[in-house]
Amino acid sequence: MQKPENQIIVIFGASGDLTKRKLVPSLYDLFNQKLLPEKFSIVGASRSELSDDDFRKLMKKGILEFTQSENTEGIDEFLQSVFYQSVNAKSPYSFSALKNRLSTITTELNINENIIFYLSTPPSLYSIIPENLAKAKLNKEKNGWKRIIIEKPFGYDLQSAKKLNASLKENWNENQIYRIDHYLGKETVQNVLVTRFSNGIFEPLWNRNYIDHIEITSSESIGVEKRGGYYDGSGALRDMIQNHLLQLVGLIAMEPPSSLDSESIRNETEKVFQSIRKIDTKDVAKNVIRGQYLESNVKGEKMKGYREEEGVNPESKTETFAALKFYIDNWRWGGIPFYVRTGKRLPTRVTEAVIHFKCTPHFLFKKQELNEGSNQLIIRIQPDEGILMKFGMKVPGSGFNVQTVNMDFHYSDLANQRVPSAYERLLLDAMLGDSTLFARGDAVMSAWEFLEPVLDAWKNDDTIPIYGYPCGTWGPDVADELIEEEGRTWRYPCKNLTDDGIYCEL
């Protein structure tokens with residue numbers, strides 16, 4: 001793989017959980033594969049008063065616990081390139097001190113001032129830090145390029161997203177801004193493009209003439225854990241659908257790009273977002289279902305309801321489950337429904353997309369059960385990553401009894417191939433200046449514009465219910481009515497790609 005230019009990576013929020021669990025271990029994994037630049041430096045920045053050695057000890061602990069590399073012998077060598085600078089995000093003086101430290105490092109390394117600023121911070125600092133970096137002229141590309149990576153959520157709603165975007169654009173160009181969505185870093189998400197555009201057996205069928213509907217499920221078996229305070233101000237729609245799942249819809253529904261460069265691919269996904277039919281506020285109750293998990297016993301274990309979780313308002317209407325039905329109004333997808341659902345405290349942790357093909361015009365064989373006559377292509381994002389094709393085969397013996405069988409591929413079958421973590425891939429892409437897997441500003445705004453009527457209806461219309469569902473179930477029963485028609489129902493996935501059924505273990 002291509003090796004990046006010499007550079008410095010500055011991580012704001014360096015004393016936080018994401019840095020210890022994901023960012024620095026991923027950088028160490030890249031170091032082990034000799035994919036970091038010949039000369040590099042990682043600078044942690046946060047309000048905590050730490051020495052370089054204190055920070056290195058914290059990062060060493062995180063690497064040992066969370067690295068994917070079996071080889072940990074190079075940790076001490078890697079940590080020699082790790083430094084720490086105390087920075088008050090709201091103090092311009094702190095950024096002057098940071099600038100001096102970075103200048104010292106570039107001089108010692110004898111490299112250009114190529115710098116990535118990673119904002120692993122609360123969203124309230126997403127506009128403050130870039131502004132203070134600009135005041136210190138750390139956005140200027142006179143002696144090297146500058147890039148800024150921003151974690152989700154990018155805004156709380158359309159208005160706040162526009163405000164944040166406008167604030168960033170005052171001092172930074174779009175090609176300097178990398179809005180990270182770790183779902184796009186997953187190998188199986190990227191494989192959607194390869195599955196579609198490298199196989200002649202799929203692309204000719206990838207349209208309204210042959211596909212009946214598409215469903216995307218992202219379920220979690222855990223609750224809000226210790227994040228009740230944060231989650232109660234967010235909810236499933238903002239936390240999962242606005243970014244992760246709509247980005248996945250974009251890749252599944254996009255037209256073939258003219259090339260594989262970042263702008264061509266992102267242009268096509270943005271066209272998808274622009275074509276999604278807006279849900280009228282009066283139709284929200286019919287096309288969007290929201291729910292909250294309720295206290296229940298699962299396999300003898302008592303699980304709290306959402307409103308009993310620490311930090312959650314006892315009268316909260318924040319959804320822990322959301323399911324919606326929508327259409328994409330363009331030539332390829334006109335009239336084909338898309339179904340998306342996500343939730344917490346569901347039976348298993350799984351993310352997958354299911355392409356349901358239409359039945360044959362005249363079904364000659366007796367259907368054994370719902371959906372038996374239709375083929376399905378299942379793209380599993382996590383866990384047990386892979387692809388599964390379901391089709392009918394004759395049962396041995398007399399007559400023409402048909403049974404659905406599986407043809408599957410699992411990434412785990414690639415024994416000699418290492419599957420990189422999402423952050424590992426995205427960090428390397430940012431170092432290389434490849435923005436393909438990062439959300440562009442217009443796409444983020446389009447996603448918010450689509451969901452804005454839903455958020456407004458939930459906020460202003462008290463007649464729209466929020467349904468309860470027991471922990472360990474697939475959400476509110478009413479969500480089944482969203483999708484069920486003749487020959488159509490949700491797929492109930494299990495941990496293993498080839499298994500499905502309503503009853504999966506937590």
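**Entry 1: Arg345**
I started with Arg345, which lies in the loop between β12 (337-343) and β13 (350-357). Helices and strands here are DSSP runs numbered from the N terminus (helices are H or I with at least four residues, strands are E with at least two). I noted that the model is predicted, so local features need pLDDT of at least 70 and side-chain atom pairs count only at pLDDT 80 or more, while totals for chains, interfaces and linings use all residues. Residues are numbered from 1 along each chain as its sequence is written, and side-chain values use heavy atoms, with hydrogens and water left out.

I looked up the phi of Arg345: it is positive, about 60°, although Arg345 is not a glycine. Is Arg345 buried or exposed? At 14% relative accessibility, Arg345 counts as buried (buried is under 20% relative accessible area, exposed over 50%, partly exposed in between, with a 1.4 Å probe and protein chains only).

**Entry 2: Glu225**
Glu225 is not a glycine either, yet I found a positive phi of about 55°. I located Glu225 in the loop between β7 (211-219) and α8 (228-231). Its relative accessible area is 43%, so Glu225 is partly exposed.

**Entry 3: cis peptide bonds**
I checked the bond between Lys152 and Pro153: it is cis, with omega about 5°. Pro153 sits in the loop between β5 (146-150) and α6 (158-169). Next I looked at Gln382 to Pro383, which is also a cis bond, with omega near -20°. Pro383 belongs to the loop between β14 (376-382) and β15 (386-394).

**Entry 4: the sheet**
In what order do the six strands of the open sheet come? I read β3-β2-β1-β4-β5-β6, with parallel pairing (two strands pair if DSSP finds at least two bridges between them). β3 (82-86) and β6 (177-179) are at the edges with a single partner strand each, so one side of each has no neighbour in the sheet. From one strand to the next the twist averages 20° (axes are lines fitted to C-alpha atoms, and angles run from 0 to 180 degrees between N-to-C directions).

I then zoomed in on β1 (residues 7-12) and β2 (residues 40-46): they run parallel and six bridges join them. Ile8, for example, has Ser41 in β2 as its bridge partner.

**Entry 5: aromatic rings**
I searched the whole structure and got 18 aromatic pairs (rings of Phe, Tyr and Trp, the last by its six-membered ring, pair if their centres lie within 6.5 Å; planes under 30 degrees apart are stacked, over 60 edge-to-face, the rest tilted). The Phe55 and Tyr84 ring centres are 5.2 Å apart with planes at 40°, so this pair is tilted. Phe55 is in helix α2 (residues 52-66) and Tyr84 in strand β3, so the pair ties together parts 29 residues apart in sequence. I looked up both accessibilities: Phe55 is buried at 1%, and Tyr84 is buried at 2%. I also found a cluster in which ring pairs link Phe12, Phe95, Phe117 and Trp172.

**Entry 6: one more residue group**
Which charge classes line the second largest pocket? I counted three nonpolar, four polar and ten charged residues (Ala, Val, Leu, Ile, Met, Phe, Trp, Tyr, Cys and Pro are nonpolar, Asp, Glu, Lys and Arg charged, the others, Gly among them, polar). Helix α13 (residues 441-460) gives the largest share of this lining, five residues.
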